[in-house]
Amino acid sequence: MKTKEQIALQEVESLSKKISGAEAVIRCLLAEGVDLIYGYPGGAIMPVYDELYKFQDELNHVLTRHEQGATHAAQGYARTSGKVGVAIATSGPGATNLVTGIADAQIDSTPMVCITGQVGSHLLGSDAFQETDIIGISTPVTKWNYQITNASEIPEIFAKAFYIARSGRPGPVLIDITKNAQFETLDFKYQKCIGVRSYKPFSAMDTHAVSKAAELINKAKKPFIIWGQGVILGSAEEEFKAFVEKSGIPAAWTILGLSALPTAHPLNVGMVGMHGNYGPNLLTNECDLLIALGMRFDDRVTGNLDTYAKQAKIIHFEIDPAEINKNVIVDVPVLGDCKKSLEALIPLIQKKSHNKWKGRFDELMKVEVKEVIDKDLRPEKDGLTMGEVIVSINKHTQGDAVLVTDVGQHQMVACRYTDFVRSRSNVTSGGLGTMGFALPAALGAKMGAPEREVVAVIGDGGYQMTIQELGTIFQTQAAVKIVVLNNEFLGMVRQWQQLFFDKRYASTEMVNPDFVAIAKGYYLDAKKVDKRENLDAAVAEMIASDKPYFLEVCVEKEDNVFPMIPTGASVSDIRLK
Amino acid sequence: MDKTFTISIYSENNVGLLNRISAIFLKRHINIESLTTSQSEIKDVFRFIIIVKVPEDNVKKLIKQIEKQVDVIRAFYHTDEETIFQESALYKVKSSALFEERHIQNIIKESHANIVTVSPEYFVIEKTGFRKETDRLYQDLAPFGLLQFVRSGRISITKSKMGISEIIKKFKSDN
């Protein structure tokens, strides 16, 4: 049977007449297997929208309520589906509104192609209506970008754009198309891109490095794995699990690596980093071998670099040569695709268990349970905690939902406590920390994995940054479950103000609207919970619904997220209170 | 410790690449001492020569970030000892100085500078060489009144082989 992509390519090949640049854009998208794009129309992109109208049976366009929403939706779609997300906008403000999402996709390595309209090429540089230099603006936050001023360039540039976005370390690509190029005609011939001479997506596997890594792993007494999103982006979950199980090495995740290994796996010891678990952070400075896999030693993971894992030998499995020795100097860099490197590594390592060493993680987990986790998940006070909401969600989804989070306290709590049974289940803005990410990303996540339950957990601050996307959710009827954890504060900033700025709560208190009324205004089922006894039933009702559903949970106003490594402190200085 | 490094970049000749490369320096708050771009020894391949004064650790990271750009074929860094390099300078002086001040003729002769053009009002001298040579000529001519002075960025060729043709050939055979 032929795939939709092959049919589209074949159809394209049989075209004998000239077509417009705008039609060529649509045919390129179809040839790349795109069946869904997010966007917002406007003057300079209207010819493409006119073609979208004609091709609506083959290519679904979702009208978001703001271009930023289109990028985050495309990101959510890419993260759950593994395909390239596509966002489209007009010139000027349409294009600049994409920038936050593009920067987010760049730092979190999300494959995305953004298409922007541009004023006619005869007007370039004349400060024409809605002209903006989006190529200049997007350059530092794109993997690649290109301005098409001539229709004949369209097929080659689109093929290249998709190839670059999805290959190697994925990332966002922007194509700016002048209006004349959309109107002009061309002889359309599409050829998929298979290589760019100046671009090497990844290095060939370094067998010497792999055997050196195996040697260190076999010798280590207290080895420790930290894995990141590279495992997911490289579709290496199976190999990774086999590696962990054969080596018997305790493994911790960065926030973007979350869900690559099930939460309940006995060797999954939790999260590293600023609000990560106690054991993995402390023992980073006790292990004798640190195996970093598809992660990039972000400052939120390492804390103070001068005191980070100095006692350990370090192996770094990484696809991007620029990440090697960028923040942490490593002993054995293993460049290349981690799926292939792991495949080669597994036969070289001895089957082991590190029970005594793993026991250290368990002991420290007991301390964390007593000091932090019990209070979060089984509170004795009256007010609801964010943690117990997550517990209830776990119960009703059996850990098999896609969790989409925004940025702040709720994000840390949700990532710490949500159960995961399969990969590609955690969608969050990790690197850029973009408030407003979750609501549109949840829409995209649901459309990228329609068979899955998608639960967005969002703070009351971030929710109001892209709240208008409720309109898109209503219009598409994407069955996203939206949980707003309302503490009437910008909680994470308030926590820092409490701890480091003598409780001077500068502009962090929020006077909020009636969120349920707003959701109902968009004709969504909506409920509010402020008492413990009503929480579980409300979550059950939300999960049972097959429609979009909004649930507001009023939580304790001034709870803090712990453990915590203060900025600039060492991982050893992690605080439990 | 800061040291002078020559960064050589072989790239595609695409609009916007200069912006992409300079953004790498901007993001890290690194000042570019000089920058020149030209065609390279290979048809359709462009070459950038960028001079920076940074610690070696930084230049290593810069090279990786530059090579990461899709349109960059390869990037290298070298010390002064590893390269043959030159700068070019132009000096515009009023013609009367040439006739009234005999001394100026000796300066031109001794510095091995060339007179590029002479008109009734002014003449233009060109000097190619190391920075200290163009600087010395500047010092020598300054008392006579420089109407204009301009110096190019460094151009540089490495003593070692670059191997760009091999990379391009390999790409062609692989694809």
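Reader: In this predicted model, when does a residue count as buried, and how many of the eight residues of helix α15 of chain A are buried?
Author: A residue is buried if 20 or more other C-beta atoms lie within 10 Å of its own. Helix α15 of chain A spans residues 338–345 and is mostly covered. The buried residues include A:Cys338, A:Leu342 and A:Leu345.

Reader: Which helices and strands of chain A do the buried residues of α15(A) pack against?
Author: Among the buried residues of α15(A) are A:Lys339, A:Ser341 and A:Ala344. The packing partners of the buried residues include three helices of chain A, α10 (207–219), α11 (230–233) and α12 (237–247). The strands they pack against are β12 (289–293), β13 (313–318) and β14 (332–335).

Reader: What radius of gyration does chain B have?
Author: Chain B has 175 residues, of which 25% count as buried. Its C-alpha atoms fill a box of roughly 65 × 35 × 30 Å along the principal axes. For a compact globule of 175 residues the radius of gyration would be near 16 Å, whereas chain B has 20 Å.

Reader: Which element of chain B gives the most to the side that touches chain A?
Author: In the contact between the chains, 18 residues of chain B meet 17 residues of chain A. At least two residues each come from β1 (3–12), α1 (17–27), α2 (56–67), β4 (72–78) and α6 (164–174) of chain B. With four residues, the element that gives the most is α1(B).

Note on methods
Residues numbered from 1 in each chain as written. Chains lettered and ligands numbered in written order. Predicted model: local features only at pLDDT ≥ 70, side-chain atom pairs only at ≥ 80, totals over all residues. Rg over C-alpha atoms; globule rule 2.2 N^0.38 Å. Buried ≥ 20, exposed ≤ 12 C-beta atoms within 10 Å, placed from the backbone. Contact = placed C-beta atoms within 7 Å.
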